[in-house]
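Let's take a walk through a protein model together. Have the sequence and the 3D view open, and look up each residue as it comes along.

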Amino acid sequence: MKIKSSFLLILAVASFNGFSQGNKDLKDIKYRRSSLHTILIESDNFPKKEEVIKAYYSAPFPEKYDNHNIGVKSFDGKKYGAKEGASEEETIAMIDQYLKSNKIANKMVAKWFNRKANGTFDIQLITERGLINASFTDMKTAAASAEGNALLVTAGLELLNNTFVVVSKMKFVENEPAARVARDAAILTANKLSVAMLRTKAIAVADKAYDKGKEGYSVWTTSFLYKLKWDDATSNTFYQDYWLDNAADPTAAAKKAKFDSSDLFQLEFVGSESATSLVTFSLSQKRTENEIIDLSVVRNIDNVYAKLQKKYDVFKTKVPLYSVSPLKAKIGMKEGLEGGEKFEVLEANMDPKTGIIEYKKKGTIKVDKDNIWDNRFNAGFLEEDNEGGSKKALDGTLLEGGGKFYSGMLIRQIN
């Protein structure tokens, strides 16, 4: 594969000094993250739809990922065959049609290479996210050197090959109809009791459950995870047939048109997860309806991401150890931690000639169930946030385990 020397000169080796210093502040520790773009399926009308969509758009972006926003935030599912009560297979087929029709994979690649209106690319974003140091002086300048090819492989495998799209559908369901059905069924059963006292007590229990359950809404979120396919064949074809860094190139117009219409780039379906949250508007709480909707939507999205990360290894994030005395990381209830979860501790080692990074396992640690950080959105805002007594004031979750660890080492959850 022949690559321009100017392209290779910029793709120099990352220094990774942050991983070798034991007590650097977390804000100074840099590591390669997966990249993520999120899309919402616009559903039919349902209670509080406008507030739900507004809350989705304003929700904080998952900080464990690099924001790979391509500007497309939502689409009308009906235009691509969406229908009420569709099965998961039908929904996936609808999403696939949308992704292909709108060349979302092409747009994800174009974002990576900072594609201009004239069709030219550069590697500024790859340089930044790959922690590539352009001043590295030992970089070989040969256009097709083994070192240069290895750097391109690194950029592809660790950056483009860890690029995801999460497509979500959401709706709010009024709780009262379901609560009424449950109460009526309970009363029907209670009326069959022959003992009057037991019958009266059962009916009272049903009414009490109804009064509690009828309030507010339930928010439902189902998210579908896709990964950008970036293998050797895709990489080689892109660099050989599509790469353009000079608008004056005689082949510029042809390459631009070829990229725009190409079906080379694909998004592969990984899997899906769902989460639901109860949204209540208790008069005893000093909170507005919109505040509760915002909080419930954000937390529900966080719950779905946590489930996707636990279920699919490819979507699991690496996070740095914040400190080793005590052993602590900036993860918590937002990531679905409940206590006892296990993490492998990884040390990043980069080959100074090729830029290839290897993650070597240095040990295993687990979450201390009594010291889990409540980092959920607006923690403490709801009554249920503080059930079971007041929580400790933590700025990270404490972990248990030993080893020659240092802050900045990466940890990744294991099953």
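What follows is a short tour, from the whole chain down to single residues.

## Before we start

This is a predicted model, so keep the ground rules in mind: local features need pLDDT of at least 70, side-chain atom pairs count only at pLDDT 80 or more, and totals for chains, interfaces and linings use all residues. Residues are numbered from 1 along each chain as its sequence is written, and side-chain values use heavy atoms, with hydrogens and water left out.

## The whole chain

The chain has 11 helices and 12 strands. Both are DSSP runs numbered from the N terminus, with at least four residues (H or I) for a helix and at least two (E) for a strand. Of the 415 residues in the chain, 46% are buried. "Buried" here means under 20% relative accessible area, "exposed" means over 50%, and "partly exposed" is in between (1.4 Å probe, protein chains only).

The accessible surface of the chain is about 20600 Å², and 50% of that belongs to carbon and sulfur atoms. These areas come from the Shrake-Rupley method with a 1.4 Å probe, and for residues only the protein chains shown count as cover. Now for contacts, meaning heavy atoms within 4.5 Å. Take those between residues at least 6 apart in sequence: 81% of them join residues at least 24 apart.

The predictor's confidence in each residue is called pLDDT, and it goes from 0 to 100. The chain's mean is 82, and 80% of its residues reach 70 or more. Confidence is highest in α4, at 97, and lowest in helix α1 (residues 5-10), at a mean of 38.

Two stretches call for a careful look. Over residues 1-24 the pLDDT is below 50, yet this stretch has 77 contacts in the model beyond near neighbours in sequence. Over residues 134-149 pLDDT also stays under 50, and here the model has 25 contacts beyond four places in sequence.

## Salt bridges

How many salt bridges does the structure hold? There are 19, each one being a side-chain nitrogen of Lys or Arg within 4 Å of a carboxyl oxygen of Asp or Glu.

Start with D260 and R115, whose closest N and O atoms are 2.8 Å apart. This pair links distant parts of the chain: D260 sits in helix α10 (residues 252-261), while R115 is in the loop between α4 (104-112) and α5 (124-129), 145 residues apart. D260 counts as partly exposed because its relative accessibility is 36%. Another bridge joins D184 and R183, at 3.4 Å from N to O. D184 is partly exposed too, with a relative accessible area of 39%.

## E273 and K311

Is E273 buried or exposed? With a relative accessible area of 18%, E273 is buried. Its side chain meets that of K311 in a salt bridge (3.5 Å, N to O). The two residues are 38 apart in the chain, with E273 in strand β6 (residues 267-279) and K311 in helix α11 (residues 289-311). At 48%, K311 is partly exposed.

Leaving out residues up to four places away in sequence, E273 touches T221, T222, S223, V304, K307, L308 and K311.

Which loop holds F265? Look between α10 and β6. F265 is buried, since its relative accessible area is 3%. F265 and N106 lie 159 residues apart in sequence, but their C-alpha atoms are 5.8 Å apart in space. Beyond its neighbours within four places in sequence, F265 is in contact with A105, N106, V109, W230, T234, F238 and F259.

S323 belongs to strand β7 (residues 319-324), and at 17% relative accessibility S323 counts as buried. Its side chain reaches the backbone oxygen of P326 at 2.5 Å. Not counting residues up to four places away in sequence, S323 touches K328 and S407.

Last stop: L193, V195, M197 and L198 make a nonpolar surface patch of about 380 Å². Patches are made of residues with over 30% relative accessible area and no salt bridge; like charges are joined within 9 Å, and nonpolar side chains (Val, Leu, Ile, Met, Phe, Trp, Tyr) within 5 Å. V195 is in the loop between α7 (175-190) and α8 (196-213), and with a relative accessible area of 41%, V195 is partly exposed.

Methods:
Polar contact = N/O pair within 3.5 Å; in protein donor to acceptor, adjacent residues only side chain to side chain.
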